[in-house]
Amino acid sequence: MRKRFAFVLAAAGLLAGSVTAGAHATTRGPAPAPASAKEGTVTAAQLLAKVQGCSQISSGKYRTDDETSANIPVCGANGAVFWKADMDIDCDGQVTSRCNENTDPWFQDDTAFHQSDGKPLVADKLPYVVVPSASSTWDYTKSGIKGGGVVAVIYNNKVEYAVVGDTGPTKIIGEASYATANALGINPDPETGGAESGVTYIVFKNSSVSPIENHDKAVSVGDGLAKQFIQNN
């Protein structure tokens, strides 16, 4: 659950000198190789062609960070909702060598939704997306969205399927797990990584993956839902 500010991220990047980098190097380790450049059979271009306009369903708009203006609407479509924003890195959940209080100043050892064994999700292993907590601006549950729901995340002509895995601030949108970013070729470092813009999130209504941690199932279910989305929009 993000409590981050763009200027803090920028400062972290500028101030991450040799001492800080050295302290983190032994803890973080290198990022794992991206899982894929494209998952499923539906292309990024096919999906993006269906989200050119926006039928706004949120009662207001979201910020991408606390100090930016609110200009990101949640849009409705047949069988899905979507938004276009940045990507901040969520490293919350189970403690790992890449996601912990030393690598992430905002680290929290829990996620809104849990694995089948009751434990929090593993951010550097499972591709998941963060949705804004329910508010008067938008209540994701009323749009048929729930934990484990399938999301197509698109960036730089790549498609990555993820699940709804965590919730964030009520006024901010645009965040996904370390694993999601890494698979899309985005720097997954929770302190200095992320993408400033150009990320599209398509969340399929009334979808679910069980168990939530089964990424292969998210890909297979997501590919089928993406095909339906293209046919119905």
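**Side-chain contacts and burial in the predicted model**

Phe204 is buried, at a relative accessibility of 3% (buried denotes a relative accessible area under 20%, exposed over 50%, and partly exposed the range in between, with a 1.4 Å probe and protein chains only). The structure is a predicted model, in which local features require pLDDT of at least 70 and side-chain atom pairs count only at pLDDT 80 or more, whereas totals for chains, interfaces and linings use all residues. Residues are numbered from 1 along each chain as its sequence is written, and side-chain values rest on heavy atoms, with hydrogens and water left out.

Three aromatic pairs are found in a search of the whole structure (rings of Phe, Tyr and Trp, the last through its six-membered ring, pair if their centres lie within 6.5 Å; planes under 30 degrees apart count as stacked, over 60 as edge-to-face and the rest as tilted). One of these joins Trp83 and Trp138 in an edge-to-face arrangement, with 5.9 Å from centre to centre and 65° between the planes. Trp83 belongs to strand E3 and Trp138 to the loop between E4 and strand E5 (150-155), so this pair ties together parts 55 residues apart in sequence (helices, H or I, of at least four residues and strands, E, of at least two are DSSP runs numbered from the N terminus). Both tryptophans, Trp83 and Trp138, are buried. Phe204 and Phe229 also form an edge-to-face pair, at 6.1 Å centre to centre and 75° between the planes. Because Phe204 lies in strand E8 (residues 195-204) and Phe229 in helix H5, parts 25 residues apart in sequence are tied together. Phe229 is buried, with a relative accessibility of 2%. A single aromatic cluster comprises Trp83, Trp138 and Tyr201.

Helix H5 (residues 215-232) also contains Asp223 and Lys227, four residues apart, or about one turn of the helix. These two residues form a salt bridge in which the closest N and O atoms are 3.7 Å apart (a salt bridge being a side-chain nitrogen of Lys or Arg within 4 Å of a carboxyl oxygen of Asp or Glu). Asp223 is buried at 10% relative accessibility, whereas Lys227 is partly exposed at 40%. The whole structure contains two salt bridges. Asp124 and Arg98 meet in a salt bridge with an N to O distance of 4.0 Å. Both residues are placed in the loop between strand E3 (80-90) and strand E4 (128-132), 26 residues apart. Asp124 is buried, with a relative accessible area of 14%.

Strand E4 is mostly covered, five of its five residues being buried. Tyr128, Val130 and Pro132 are buried on one side, and Val129 and Val131 on the other. Five bridges connect E4 with strand E6 (residues 158-168), and the two strands run parallel (strands pair if DSSP finds at least two bridges between them). Thr167 in E6 is the bridge partner of Val131.

Two disulfides are found in the whole structure (pairs of cysteine sulfur atoms within 2.5 Å). The sulfur atoms of Cys54 and Cys75 are 2.0 Å apart, and their link is left-handed, with -100° about the S-S bond. Cys54 lies in the loop between helix H3 (44-48) and strand E1 (55-56) and Cys75 in strand E2 (residues 75-77), so parts 21 residues apart in sequence are tied together. Cys54 is partly exposed at 42% relative accessibility, whereas Cys75 is buried at 3%. In the disulfide of Cys91 and Cys99, the sulfur atoms are 1.8 Å apart; this link is left-handed, with -65° about the S-S bond. Cys91 is buried at 0% relative accessibility, and Cys99 is buried at 0%. With the bonded cysteines of the protein chain numbered in sequence order, the pairing is 1-2, 3-4.
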